[in-house]
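Open the model in your viewer and keep the selection panel at hand.

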Amino acid sequence: MAPIVVIFLRLLVPIGILRWPFWGALLAIAADAADVILLDAFGWGFFAGQDYHAIDKLFDTYYLALEVYVAWSWRDILARNVSLTLFFWRLVGVIVFEVTRVRQVILFAPNIFENFYLIITGLKQFLPGFTVDSRKKLWVILAIAAIPKIAQEYIMHFMEFPTWAFIKHNIFRWR
C-alpha cells in the first residue's frame, strides 16, 4: 500500500505548483522527503529490490519540470533565463549520473535551480512586484541558493554520507 501512496503523493502534490508556485513547491519538496520515510515505515512493496534512487530522480525531475514551466512564464527576464539555465544544467547532470552511475557527477550539477526557484517565488509571494533588476541582486540570490545546495550535494553524493540512515537512527531513533 505504501508504494501506491508514494506514487500518488509524488505525482499529485506537485500539480499544486501550477496554482501556488511557492507553496506548491514546498509541498512537493515535503512529498519528496516523505517518500522514503513512508516506504521505510510501511514497507517497500513492489519497490523492494529495485533501484528506488532512479525512480526518485524521475519524480524529482517531474516536479522540477513543473517549476521550470512556471519560471518560463516569469516576466522578469534575468530571473527566468537563469532559472532555465540552472534547470537544464541539473537535468544534464542527472542524465550523466544515470548513464555513468558515478554519484560524484551530481556535485558538478547541483540542484541550485530548486533553491533559486524557491527564493524567487518566495520573494514574489511576500513582496509582490519583486524583480531581479540588477546583476548584483542576481549574484546575491545565486549565492544564497548555491552555497547550501553545493554543501548538501557534497555531503550526499561526494562523501556518500547516509543521510536518511543518520536521520532515522539519530533523530527519529528508529532501529
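Select Leu12 first: it sits in helix α1, helices being DSSP runs of H or I with at least four residues, numbered from the N terminus. This is a predicted model, in which local features need pLDDT of at least 70 and side-chain atom pairs pLDDT 80 or more, while totals for chains, interfaces and linings use all residues. Residues are numbered from 1 along each chain as its sequence is written, and side-chain values use heavy atoms, without hydrogens or water.

Patch members have over 30% relative accessible area and no salt bridge (a Lys or Arg side-chain nitrogen within 4 Å of an Asp or Glu carboxyl oxygen), and nonpolar side chains are joined within 5 Å. Helix α1 (residues 2-12) gives the largest share, five residues.

Now go inside. Which residues have the most contacts inside the largest nonpolar core? Select Ile17, Trp74, Phe116 and Ile120, in a core of 29 residues. Core residues are joined through side-chain atoms within 4.5 Å and are buried (under 20% relative accessible area). Beyond neighbours within four places in sequence, Trp74 contacts (heavy atoms within 4.5 Å) residues including Phe116, Ile120 and Lys124.

Finish at Asp76, in the loop between α4 and α5. Asp76 is buried without a salt bridge, and the nearest oppositely charged side chain, Lys124, is 4.4 Å away.

Note on methods:
Helices (H or I, at least four residues) and strands (E, at least two) are DSSP runs, numbered from the N terminus. Buried means under 20% relative accessible area, exposed over 50%, partly exposed in between (1.4 Å probe, protein chains only). Lys and Arg count as positive and Asp and Glu as negative; His and the chain ends are not counted.
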